[in-house]
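User: I want to go through this structure term by term. Please set each value against its definition.

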Amino acid sequence: MLFRSIGIADADKVDLSNLQRQIIHATNDVGKLKADSAKESMLAINPPDIKVIAHHELVNSKNILELIQGYDFILDGTDNFPAKFLINDASVQTGRSDRSYSRSNRLPPSTGSGEIHHWRRATVDGKPLNV
């Protein structure tokens, strides 16, 4: 699977306490916006033709549909159930596929928390991936 366009939504800043569980960030990223830090990390390890879009806002019921517009696959890395339900509802409403990522054994794999961030568009050879 090849991702050509990846969107990341997060309005928080990287804090030292994030580093042990949010491995996309490094010590020199402390104080940066998480979406920018994640974008820099992803661009550093991916092919030069990958497009990473940083959305500097928290996901909520007023912006979710606009945020996921243009993305075919939604990857949920949030750490609270209201956000998970919101992302799932918007994905179902718009006919997009979504997956939750869990880093915790305390919650089932379809729920939970993780720091992969929120939205990604999957394409193969420049064509949207239908998953």
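Analyst: Definition first: helices (H or I, at least four residues) and strands (E, at least two) are DSSP runs, numbered from the N terminus. Gly-7 sits in one such run, strand S1. This is a predicted model, where local features need pLDDT of at least 70, side-chain atom pairs count only at pLDDT 80 or more, and totals for chains, interfaces and linings use all residues. Residues are numbered from 1 along each chain as its sequence is written, and side-chain values use heavy atoms, leaving out hydrogens and water.

User: How many helices and strands does the protein have, then? In what order do its elements run?

Analyst: Three helices and seven strands. From the N terminus, the order is β-α-β-α-β-α-β-β-β-β.

User: Why does Gly-7 count as buried?

Analyst: Buried means under 20% relative accessible area, exposed over 50%, and partly exposed in between (1.4 Å probe, protein chains only). Gly-7 has 1% relative accessibility, so it is buried. Its C-alpha atom lies 5.7 Å from that of Val-52, 45 residues away along the chain. Across the 131 residues of the protein, 40% count as buried.

User: What makes Asn-18 buried or exposed?

Analyst: Its relative accessibility is 6%, so Asn-18 counts as buried. It belongs to the loop between S1 and H1. Setting aside residues up to four places away in sequence, Asn-18 touches Lys-13 and Lys-34. Contact here means heavy atoms within 4.5 Å.

User: What share of contacts joins residues at least 24 apart?

Analyst: The share is 61%, taken among contacts between residues at least 6 apart in sequence.

User: What makes a set of residues a nonpolar core? Which residues form the largest one here?

Analyst: The set must be buried Ala, Val, Leu, Ile, Met, Phe, Trp, Tyr and Cys residues joined through side-chain atoms within 4.5 Å. The largest has nine: Ile-6, Ile-8, Ile-24, Ala-35, Ala-38, Met-42, Ile-50, Val-52 and Ala-54. H1 gives the most, with three residues. Another core of six residues lies apart from it; Ile-64, Ile-68, Ile-74 and Ile-87 are among its members.

User: How do you know that Ile-8 is buried?

Analyst: Its relative accessible area is 1%, so Ile-8 is buried. It is part of strand S1. Ala-35 touches Ile-8, Asp-10, Ala-54, His-55 and His-56, not counting residues up to four places away in sequence. Ile-8 and Ala-35 are 27 residues apart in sequence, with C-alpha atoms 5.8 Å apart in space.

User: Why is the pair Lys-32 and Asp-29 called a salt bridge?

Analyst: The term requires a side-chain nitrogen of Lys or Arg within 4 Å of a carboxyl oxygen of Asp or Glu. Between Lys-32 and Asp-29, the closest N and O atoms are 3.1 Å apart, and the pair forms a salt bridge. Side chains of opposite charge can pair when their charged atoms come close. Lys-32 is partly exposed at 29%, whereas Asp-29 is buried at 6%.

User: What makes it a network?

Analyst: Salt bridges link Asp-29, Lys-32 and Glu-40. Glu-40 meets Lys-32 at 2.8 Å, N to O. At 41% relative accessibility, Glu-40 is partly exposed.

User: How many salt bridges does the whole structure hold?

Analyst: Three. One of them joins Lys-84 and Asp-76 at 3.1 Å, N to O. Both Lys-84 and Asp-76 are buried.

User: How do you know that the length of helix H3 agrees with its residue count?

Analyst: The expected span is 1.5 Å times one less than the number of residues. H3 (residues 81-94) has 14 residues, so it should span 20 Å, and its end C-alpha atoms are 20 Å apart.

User: Which residue follows just after H3 with a positive phi?

Analyst: Gly-95, with a phi of about 75°.
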